[in-house]
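Please read it alongside the sequence and the structure shown here.

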There are 2 protein chains.
Amino acid sequence: MFVGVDLGGTKIAYAVIDYRQGRVLARYVAATNSADGPDAVLVRMSSDIRQVVADAGLTLADIRGIGCGVPGVYDDATGHTLFLPNLVGTWHQVPVGPTLTAALGIPIWLINDARAFVLAEAAYGAGRGQQNVVGFTIGTGIGGGVVINQRLYMGLDGTAGEFGHQTLALDGPQCGCGNYGCLEAFASGTAMVTQAQVLINAGQAPDLAQRIVHGAHLTPSLMASCSDIAVQQVLAQAYAYLGAGVANVVSLFSPHVVVLGGSVAQLGEPMCAAVRQVVQQRCRATPIERIAIVTAALGGDAGVLGAAVWAAHRSGTEDVHALT
Amino acid sequence: MFVGVDLGGTKIAYAVIDYRQGRVLARYVAATNSADGPDAVLVRMSSDIRQVVADAGLTLADIRGIGCGVPGVYDDATGHTLFLPNLVGTWHQVPVGPTLTAALGIPIWLINDARAFVLAEAAYGAGRGQQNVVGFTIGTGIGGGVVINQRLYMGLDGTAGEFGHQTLALDGPQCGCGNYGCLEAFASGTAMVTQAQVLINAGQAPDLAQRIVHGAHLTPSLMASCSDIAVQQVLAQAYAYLGAGVANVVSLFSPHVVVLGGSVAQLGEPMCAAVRQVVQQRCRATPIERIAIVTAALGGDAGVLGAAVWAAHRSGTEDVHALT
C-alpha cells in the first residue's frame, strides 16, 4: 500500500492506495491554510497521513512509501520544495520530504502535480494500457507531463513536460513565467476569465454580466454556457491556441494518448473536439488517426493516485501495467 | 560490423562501421540519380554495398545488419518507403528493405535521416555519454529526433521528433507540409534563401546581389557574410524563430544536449549563440544552465553512422554507451 498526497494552494488531499488495483482505500481532504507557515502545515500533514492510514484499517508499517504532489518546483535529491507560487509564504527550501519521513518513518518522494496527474491517467485512467501518454492540466496555469512505457519521463530535475510554457507567438502577451507568448498566457483558465472580465467591463458580454450579478462565479464553464458572441469568440480563440499547443506536443512526442485535465477540462467534449480539429489541421507528419485526444478519466483522484504511483515506482515496485 | 547507408535526394553515402568504436572502416558516395527510377537505384545500392564492404577488407558474412536513412516517411513493419519528397519519381511503397535483404542476405532497417543524425550525435558526437539528447537538422527543411537513454524515442511509426512542424505563429506562412506557421516555414535554409531572394529582387540587398553576379551560390552562409542590413535582419528573424523552436523542445523534453546540424549549422557559433540567448529568455522553468546547445560534431558522417547505430540497436546488439 502507498499513500498519495496532493498538496494544493487551497486544499491538501490524502489517500491510501492499493497500487495494484489503483483503488482508493481511504481518502481525506483538509484546507491547506498555508498562511500558517510551512512548519504548521507539515505538522498537520503528518497527523492527517496517520489518520487516513488508520481510516483504511492499516498501520504505518503497511505503507511502503508516500508520494507527494506539489504545485511547483522541488529538489528531488533533498526532498525540499523550491518554488510553490500558489502557496502563501515562502516555500523555498522547505524540507517536506525529510520532515515527514522523520515523523512517520516512511520514505517520501515529491512530484510535480501535473506530472502526477499524467502518471495516474496513464496507469489507471484515460491512458491505461497505452505505451506513451502525455497530458495537460489546464486550470490557473497549464502544466503537463510525459509518460513513456508507463514510466514518467523526467528530463533534468523532473522539468520535462512544461507544455504551458511553449511559445506560440514570439511577441505574444507576457506569461506569469516571464516569457512572452506562452500557451498558458493564451489558454489557461486564468487567461480565459481575464479576457471575459475585460468584455464585461466594456459592456460586450451582457448575458455573462447578468449571470454574475445573480451570483454565478466567473469560470470558463460559465463562459461556455452564456449567449454572448464576444465571449464565445474568446473561448474559440483559447481553443485555437490550446489546439496548437496540443498539436506541437503531438508533433514532438507522437504519443498514443493525449489527456486533457484540470478545471478547464470541465468544458468537456466541445473543447476536446475543437482541439482534435486543430491537431488534424496542423499535424501532417504524424498518424493522428491513431492518437486519442480525450478528457481525464479519474476526476479529483488523479493527484493522489499519481503521487502513489510515483512512490511505487521510486520504491522499486514493479509497474502495474508495464509494457515490453 | 554494420553498414550505414544515407539515401539522399542528390547522393547516396555508404559506410562500413565498427560500431563499438564508431569508426568508419570504408566509405563510398555515389549520385542518387533517382530519375532512373527506384528499381535501378536499388540495383546500384546493392552493388555499391557489396563494393564498400569489399573496400573495408570484409565479406558480406561479416556484416550483422544494414541501416538505411531515408529523407522522409517509411513503413517500419514492411521496410517500404512511403513518401520521399526530395527524390524524383514515386517512392511510395518501394520495397527498399526486402529488395536489399533478398539481394545481400543481410537484415536491413530503415530510419528517418534526421533521426539517424541525432542517434549518431548521441552515440559518438556532440551528445556522447549524455542521457537525453535532441537534435535539429536545419537545411532544405527542418527535421529532428529524440534519443532517450541512448535509444531512439520513436513515437507512433517513428514519427516523434518532427521539430520543424511545430507551430510558432497560428496564422504564419504556409509550410510545405500544409500547416501554417511551422518553424520550418520561418527558419529552414529554404526559408532564409527565399526571403533573401525577395530582397535581391527588390534591390534591398546590393552586396548579396553582386556576389551572386560574380558566381556565388545563394546560401545562408553567403547571407551571413554579406554587408546588407536587410539580409542580416532576415537572419536575425530566422534565429529568433529557431531559438523559439529550440526553446519549446527544451521546455518539453528538458534534455541534456541540443545538437544543431544540417547545412544551416555551418552558420556556426553566431547562430548557436543567438539560439542560446532566446532559450535563456524563454525557458524559465527549466535548468537551462545545465543544457548544452551545440553544433554537430560528426560532419557528413552522421547520416551513415546513425543508420549503422540503428541497425545495431534493432539487431539486438547492446548499446555502446548505455547509461543505467
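**Sheet and helix packing in a predicted model**

In strand E12 of chain B, Val294(B) has Val259(B) standing opposite.

- Strand E11 of chain B, which spans residues 257-261, is joined to E12(B) by four bridges, and the two strands run parallel.
- The open sheet of chain B consists of five strands in the order E10-E9-E8-E11-E12, with mixed pairing; its edges are strand E10 (151-152) and strand E12 (292-295), each of which pairs on one side only.
- Helix H3 of chain B (residues 113-124) packs on this sheet, where it touches strand E8 (132-138), strand E9 (142-148), E10 and E11 of chain B, and its direction makes about 45 degrees with that of E9(B).
- Helix H9 of chain B (residues 268-282) also packs on the sheet, touching E11 and E12 of chain B, and its direction makes about 160 degrees with that of E12(B).

**Helices H8 and H9 of chain B**

- Helix H8 of chain B (residues 229-253) packs against H9(B) at an angle of about 55 degrees, with the two axes 8 Å apart; H8(B) and H9(B) are therefore oblique to each other, and their crossing is right-handed.
- On the H8(B) side the residues that meet H9(B) include Tyr239(B), Leu242(B), Gly243(B) and Val246(B), while those on the H9(B) side include Pro270(B), Met271(B), Val275(B) and Arg282(B).
- By class, the residues of this contact between H8(B) and H9(B) comprise 13 nonpolar, one polar and one charged.

**Helices H5 and H8 of chain A**

- In chain A, the axes of helix H5 (residues 189-201) and helix H8 (residues 229-253) come within 10 Å and cross at roughly 155 degrees, which makes H5(A) roughly antiparallel to H8(A).
- The crossing of H5(A) and H8(A) is right-handed, and the contact is made by Met192(A), Gln195(A) and Leu199(A) of H5(A) together with residues of H8(A), among them Val231(A), Val234(A), Leu235(A) and Gln237(A).
- Seven nonpolar and two polar residues, with no charged ones, take part in the contact of H5(A) with H8(A).

**Cysteine sulfurs**

- The count of disulfides over all chains is zero.
- For Cys177(B), the closest cysteine sulfur is that of Cys182(B), at 3.8 Å, which is too far for a bond.
- For Cys283(B), the closest cysteine sulfur lies in Cys177(A), at 9.0 Å, and this is likewise too far for a bond.

Technical notes: Residues numbered from 1 in each chain as written. Chains lettered and ligands numbered in written order. Predicted model: local features only at pLDDT ≥ 70, side-chain atom pairs only at ≥ 80, totals over all residues. Heavy atoms only, no water. Axes fitted to C-alpha atoms, helices over the stretch in contact; angles between N-to-C directions. Parallel < 35°, antiparallel > 145°, perpendicular 65-115°, else oblique. Left-handed = near helix turned anticlockwise from the far one by under 90°. Contact = heavy atoms within 4.5 Å. Nonpolar A, V, L, I, M, F, W, Y, C, P; charged D, E, K, R; others polar. Pairing = 2+ DSSP bridges. Disulfide = S-S within 2.5 Å.
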